Amino acid sequence: MKFAVVILTGVMTLSGCASFRTAAPGDPIEPINRGVYSFNSTFDHYLLKPIAKGYDAVVPGLVKTGVSNVFQNMSDAQSLVSDALQLKGAKFGDDLGRVMLNTTFGIGGIFDLATQLGVERGNEDIGQTLGYWGIGAGPYLVIPFLGPSSLRDAVGRFGDSKLNPLSYVSSVPVRNSLTGLSVVDARVGLFPAEDLLNQASLDKYTFLRSAYLQRRQSLVLDGKRPKDE
Amino acid sequence: MKRLNWKSGFFATAVIAAFAVTAAQAQVAPDALIKTVATDVTTVLKADPAILSNAAKLKELIESKLIPNFNFARMTQLAMGRNWAKASPEQQAALTKEFQTLLVRTYSGALANFRNNTIEVRPLRMQPAETDVTVKTVINQANGQGIPIDYSLEKGADGSWKAYDIIVGGVSLVTNYRDEFNTVIRDQSVDALIKQLQSKNK
């Protein structure tokens, strides 16, 4: 996570002094972002995607679902702070109920009983919390290895990583292995979206940027659109 | 996302049946239109799942059920934004044709999602004079996660409603393509955009 801070500082410096001829609004450092994007794509193509494909092919479906559920349960726990900071009592109650139910009767989160019972996931994070309190997305950022983000969401991600139960695993090798597994699990979840992206887009970079910024805006507004209400 | 129970499902079916009867002579409300189309497509897919791997049958389903309810000219114009005025009528026609092909191709693959899931159409509260509305729907997946999909529709001169944008989880199709089209036109030209669409559709 240290490099995230380094990148942020670098980005702030760059966006302060550099000006690009044809910058898109919201993306003042597009040439740099495109460079990082292309780096990430190469990394994904040669390393992450083959690993995720292997995992997907070898591991039985039930185990994969269990693994996804465990990480999702941790992320529900991580949401609690953001629910509270946005004073969203109903979401806080739902997420708390989810975590308690899934961690106990769902055996450490392997079984997502709460969803089966119709308790919705709050799906909040620090980036959304900052947005809720009026902080704009800021410049679009592509973070090495992590992908699309914004200045606000990069700060949020850093906060979220500190809140995630994974960060309290004291054994470093265990923590690193679990983090690795969570990355592979998340990558497998992206396969359907990836096919759509390849089919639908003319320029993947622009497509992803637009989709990311719109999606985050929508999450900050809890699904309401700017023109609603 | 609350799931429909059988009673509301039955009621909705009755409502749709009523609408299907009157659709021919009267204007169909936008939310009823979406519900009808979604039900029709889901029914066909459930009855004959093999249709998804049969290109000819799938094309027929899309052409008969979906395409008539979309306004592709309007979608293209919106996706072009201020660049629309810079394009000649010939370029505009070519863009509309290629964009329609791209969308139909891309999203016919996504139809598989409709097979095992239920679609919940939120009732729309609208004034009679309104000509531009957004209908909210949720695709309830088997795993309990709902995908919110909104449809923006506009009323045409003939009184029929046609969709001009689809918003999936807050991501507008038109806005997404507007950013892409803008980038291509900014860096290259309208003709380059047409060429890219054509080669994508080959």
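Two residues are in contact here if their C-beta atoms, placed from the backbone, lie within 7 Å. The model is a predicted one.

Q: Which residues does Phe99(B) touch, not counting residues up to four places away in sequence?
A: Leaving out the sequence neighbours up to four places away, the contacts of Phe99(B) can be listed by name. They are Phe72(B), Met75(B), Thr76(B), Ala79(B) and Leu197(B).

Q: Which residues of the largest nonpolar core touch the most other members?
A: Nonpolar side chains tend to be buried together in soluble globular proteins. The largest such core here has 29 residues. Helix H2 (30-47), helix H5 (89-110) and strand E3 (146-155) of chain B are among the elements that give two or more residues to this core. The members with the most contacts to other members are Ile34(B), Ala79(B), Phe99(B), Leu153(B) and Phe181(B).

Q: Is Val59(A) buried, partly exposed or exposed?
A: Val59(A) sits in the loop between helix H2 (30-58) and helix H3 (61-85) of chain A. A residue counts as buried at 20 or more other C-beta atoms within 10 Å, and as exposed at 12 or fewer. Because Val59(A) has 15 such atoms within 10 Å, it is partly exposed.

Q: What distance separates the C-alpha atoms of Val59(A) and Asp95(A)?
A: Along the chain, Val59(A) and Asp95(A) are 36 residues apart.

Q: Which helix gives the most to the side of domain 1 of chain A that touches domain 2 of chain A?
A: Chain A is divided into domain 1 (29-58 + 126-223) and domain 2 (59-124), and their centres, taken over C-alpha atoms, are separated by 20 Å. The contact takes 14 residues from domain 1 and twelve residues from domain 2. On the domain 1 side, H2, helix H6 (126-132), helix H7 (151-163) and helix H8 (172-189) of chain A each supply at least two residues. With four residues, the one that gives the most is H6(A).

Definitions and conventions:
Residues numbered from 1 in each chain as written. Chains lettered and ligands numbered in written order. Predicted model: local features only at pLDDT ≥ 70, side-chain atom pairs only at ≥ 80, totals over all residues. Core = buried A, V, L, I, M, F, W, Y, C linked by C-beta atoms within 7 Å. Domains from an automatic or database assignment.
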